[in-house]
Amino acid sequence: MQPNKCDLIIKSSYILTQNDERELIENGAIAVSGSVISSVGTQTDIESAWIADETIDCGKSVILPGLINAHTHVPMTLMRGVADDLPLLEWLHNYMFPIESGLTKDLVELGARLGCAEMVASGTTAIFDGYMYEDAVGKAVDETGMKAVLGEGFFKFPSPFFKTAQDAWDVIEALHDQFADHERIRTAVTPHAVFTTDPDQLAESMELAERLDLLWQIHAAESVPETKLTLETFGKRPIQILKEYELLRERTRLHHCVDVTDEEIGWIKDAGAMIAHNPQSNLKLGSGICPLTKFLEAGVTAGLGTDGAASNNNLDMFDEMRTAALLQKGFLQDPEAMPAQTVLDMATVSGADFLGFHDTGKLETGMKADIIAINMDKMHLKPVYNPLSHVIYSAGGQDVRLTVCDGKVLYRDGKFLTVDVETISREAEKAVEWALQRLENR
Ligand SMILES: [Zn+2]
């Protein structure tokens, strides 16, 4: 039989396919045509069936689907390390908000470029973002070659960014129109949180999400002090308010869900809403620990996120996976509570559901070619009994040697193919003075 032509073949000693059987292929290969995976199999099978324009042999590596960051504020890389060791509300109101109220579109774009570069170098190919000037974030995502759901955030009005509610809806709709035909970018409606908005405004924003058929994301039940504040202001807990105003729906994406009751988990499940788990941000801000196993046992889909780099303080999804696995085990005093496979599922297949990108998160025929490889030829990754174990418990983002998104190579062996990291680094250093000045003048 005559071999078929494809654009790219990627070979490696192991492939964690994340297909429905969670199949591991030894000495595997993937054939890619355009942006799509044509076939996945053993090197022998693929090389006898396909002829490629280019072959990348990753040698002793583990290939897996590009990781999906379900919750981040990518421009916050500019605030990495500006304020640590503070509780959530103090950190937000005394540090983040004063700095952010002086943001310009150029600064947001710079922070997004920095974050996107960091992410492609550590194996992330898709993000669910929320911030201001998301059109600038979209520009950075587009040029880097990743994929994203972009959410223009809003607070109680008037905010430094929107004078009236109508301003916000107009910007969200314009953002939606701008990226409506983009292959890799979608948008979402993004109220910041229950305690920084008001219920009528939330209800109105949900109407907009319904009309434009967009996902609706919100920080929810992130900490006990948040619940206290919401109780004082509205007489109800955050998830209670969302339920009462019929804001728990299939399109709803809830970030954090640390301080939740069993009943609230049931409501979230019944609504078909999904949650994003952000263990490092929750730990760093002292917000608490999400009862993740209860959510998963209830049948709620959970993605995994880093949150912004100001509360993490990196965007490394390998780091996040390891923390997610260890945290529930220690918290519940049960080493079986959060198996490695469950954690990888959150960062891949469930993350894809969370973002609404149903053609990524798995390596199989017909899926988008969002592919990463980690270099196993390193001392901390030897010997190999079980590649999945190394991916979750031993590897880090710095072990990524290849990142491919929609069939395009974005990062390979330390080289960035789509972004100018020297310029980004130089400009990012200059942002320090700006941020410190904002804090001085607060
Ligand atoms: Zn967040």
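Predicted model: local features only at pLDDT ≥ 70, side-chain atom pairs only at ≥ 80, totals over all residues.
1. **Zinc donors.** Four residues coordinate the zinc ion: His 71, His 73 and His 219, each through NE2, and Asp 307 through OD. The distances run from 2.1 to 2.3 Å. Along the chain, the donors follow the spacing H-x1-H-x145-H-x87-D.

2. **Zinc geometry.** Is the arrangement around the zinc ion tetrahedral, square planar or irregular? The angles subtended by the four donor atoms span 84 to 175 degrees, so the arrangement is irregular. A tetrahedral label would need all angles between 85 and 135 degrees.

3. Are His 71 and His 73 buried or exposed? His 71 has a relative accessible area of 1%, so it is buried. His 73 also counts as buried, because its relative accessibility is 9% and the cut-off is under 20%.

4. **Largest pocket.** The volume of the largest pocket is about 230 Å³. Its lining has 13 residues, and those closest to the pocket centre are Arg 186, Thr 187, Asp 213, Leu 214 and Leu 215. Helix H5 (165-179) and strand E9 (185-191) are the elements that give two or more residues to this lining. E9 has the largest share, with three residues. By class, the lining of the largest pocket divides into seven nonpolar, four polar and two charged residues.

5. **Second largest pocket.** Here the volume is about 190 Å³. Which element gives the largest share of the lining of the second largest pocket? Helix H16 (residues 421-440) does, with six residues. The lining residues include Ser 425, Ala 428, Glu 429, Val 432, Ala 435 and Leu 436. Also among them are Thr 77, Leu 78, Met 79, Arg 80, Val 82 and Leu 114. The class count for the second largest pocket is eight nonpolar, two polar and two charged residues.

6. **Gln 201.** This residue sits in helix H6 (residues 199-212). Its relative accessibility is 6%, so Gln 201 counts as buried. Which residues is Gln 201 in contact with, leaving aside neighbours within four places in sequence? They are Phe 154, Phe 155, Lys 156, Phe 157 and Trp 169.

7. **Points to check on screen.** For the zinc ion, look at the irregular arrangement of its four donor atoms.

How values were computed
Residues numbered from 1 in each chain as written. Heavy atoms only, no water. Donors = N, O, S within 2.8 Å, 3.2 Å for Na, K, Ca; no water. Tetrahedral: all angles 85-135°; square planar, octahedral: opposite > 155°, others 65-115°. Buried < 20%, exposed > 50% of the residue type's maximum accessible area, 1.4 Å probe, protein only. 1 Å grid on protein atoms, 1.4 Å probe; cavity = no way out; pocket = protein on both sides within 12 Å on 5 of 7 lines; lining within 4 Å. Points joined across faces, edges and corners; volume = space filled by probe spheres on them. Helix = DSSP H or I, 4+ residues; strand = E, 2+ residues; numbered from the N terminus. Nonpolar A, V, L, I, M, F, W, Y, C, P; charged D, E, K, R; others polar. Contact = heavy atoms within 4.5 Å.
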